[in-house]
Amino acid sequence: FVSLTMVLAVIIAVWLNGSKHKKLNNMVEGFIFTPHVISMVSVSIVFKALFNPEGGPVNSLLMALGISNPPGWFMDIHWSMTSIVILTVWHTVGYYMVILLAGLQNINTELYEAAAIDGANARQRYFRITLPMLTPSLFFIMIMSMINSLKVFDQVSVATQGGPGTSSFVLVYAIYDYAFNRFEMGYASAIAWVLFIIILIFTLVQWKLQNKWVNYDM
């Protein structure tokens, strides 16, 4: 989820930032960002209907394209987490796109002009100017997307309830299940502490590594 979201957000933000069609840009930006303001529960219900393995629009389209045995999506032990990732990326990529777009617009255009005068092509300008100057924004969305990926709950609760089997039994849903379904409050609290420690370790490691790759010289 983290890598896919970051890659898509960068691609979309760079494309929008470089496009000269302002009205089209505003429409595309609004279209991509709008899912983020919709309730995750509502999105999960819609995706569960879209990805219904028995007559859902997605599988109907795949079968029309010649795929005789399409995935079971949320109902398939091998596809349930993939389905949740697709749902979550669609819901959140617009938010990270806006952050990256703001970072791109804050890059000094004189840097590109100087590089062009020195003979740098578009690829060189992207990897030598755009990405280095964008690293503060990338660092922020990396931490936020990592935390969001570890505290996923709504889409699991609505679409899979941790199943099939335990294929989507993520930590936050486990806390809920043990606390309010099995009434094992102590065990649920222990899982919550483990989740806190995992998030803390990941955040501290990334915060420490930022000195090696994040450039704040805007």
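Q: Where is the place of His-91?
A: His-91 is in helix 5, helices being DSSP runs (H or I) of at least four residues, numbered from the N terminus. This is a predicted model, in which local features need pLDDT of at least 70 and side-chain atom pairs count only at pLDDT 80 or more, while totals for chains, interfaces and linings use all residues. Residues are numbered from 1 along each chain as its sequence is written, and side-chain values use heavy atoms, with hydrogens and water left out.

Q: Why does His-91 count as buried?
A: Its relative accessibility is 7%, and buried means under 20% relative accessible area, exposed over 50% and partly exposed in between (1.4 Å probe, protein chains only). His-91 is therefore buried.

Q: What does the side chain of His-91 reach?
A: The side chain of His-91 reaches the backbone oxygen of Pro-35 at 3.2 Å.

Q: What makes helix 1 oblique to helix 5?
A: Helix 1 (residues 2-18) and helix 5 pack at an angle of about 45 degrees, with their axes 7 Å apart. Angles under 35 degrees count as roughly parallel, over 145 as roughly antiparallel, 65 to 115 as roughly perpendicular and the rest as oblique, so helix 1 is oblique to helix 5.

Q: How many aromatic pairs does a search of the whole structure find?
A: The search finds 17 aromatic pairs.

Q: Why is the pair of Phe-51 and Phe-74 called tilted?
A: The ring centres of Phe-51 and Phe-74 are 6.0 Å apart and the planes are at 35 degrees. Rings of Phe, Tyr and Trp (its six-membered ring) pair if their centres lie within 6.5 Å; planes under 30 degrees apart are stacked, over 60 edge-to-face and the rest tilted. The pair is therefore tilted. Phe-51 lies in the loop between helix 3 (40-50) and helix 4 (57-64), and Phe-74 in the loop between helix 4 and helix 5 (80-105), 23 residues apart. Both Phe-51 and Phe-74 are buried.

Q: What makes the pair of Trp-193 and Phe-196 edge-to-face?
A: The planes of Trp-193 and Phe-196 are at 90 degrees, with the centres 5.6 Å apart, so the pair is edge-to-face. Both residues lie in helix 10 (residues 185-213), three residues apart, about one turn of the helix.

Q: Why is Trp-193 called exposed, and why does Phe-196 count as partly exposed?
A: Trp-193 has a relative accessible area of 57%, so Trp-193 is exposed. Phe-196 has 45% relative accessibility and therefore counts as partly exposed.

Terms used: Helix = DSSP H or I, 4+ residues; strand = E, 2+ residues; numbered from the N terminus. Axes fitted to C-alpha atoms, helices over the stretch in contact; angles between N-to-C directions. Polar contact = N/O pair within 3.5 Å; in protein donor to acceptor, adjacent residues only side chain to side chain.
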